[in-house]
Amino acid sequence: MSVARAHEQLGNPVAARAAFERAAEHVPALPEGAYGDQLRTAITDGLTRLT
C-alpha cells in the first residue's frame with residue numbers, strides 16, 4: 001500500500017492503481033480489527049481516487 005501511495009504522490013497514477021489493485025488481492029488476508037479496517041479503507045479510497 002505504501003508503494004501505491006508513493007506512485008500516486010509522484011504523479012504516476014497508472015503504477016499507483018496497479019499497486020492498489022495488487023494490495024486489494026490480499027484484502028482477505030488482512031486481520032480483523034482497527035488495523036485491518038484502516039488498510040481496507042486505504043485500499044478502497046485509493047482505488048476510488050484513481051478510477
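In this predicted model, a salt bridge (a side-chain nitrogen of Lys or Arg within 4 Å of a carboxyl oxygen of Asp or Glu) joins the side chains of Glu21 and Arg17, with an N to O distance of 3.1 Å. Both residues lie in helix α2 (residues 13–24), four residues apart, about one turn of the helix. Helices are DSSP runs of H or I with at least four residues, and strands are runs of E with at least two, numbered from the N terminus. Glu21 is partly exposed, with a relative accessible area of 37%, and Arg17 is partly exposed at 28%; buried means under 20%, exposed over 50%, and partly exposed in between (1.4 Å probe, protein chains only).

The whole structure holds four salt bridges. Arg5 and Glu8 form one of 3.0 Å, N to O, within helix α1 (residues 2–9). Glu8 also meets Arg49 at 2.6 Å, N to O. This pair links distant parts of the chain, as Arg49 lies in helix α3 (residues 34–49) and Glu8 in helix α1, 41 residues apart.

The protein chain has three helices and zero strands. Of its 51 residues, 25% count as buried. The C-alpha trace spans about 30 × 15 × 15 Å along its principal axes.

Residues are numbered from 1 along each chain as its sequence is written. Local features need pLDDT of at least 70 and side-chain atom pairs 80 or more, while totals for chains, interfaces and linings use all residues, and side-chain values use heavy atoms, leaving out hydrogens and water.
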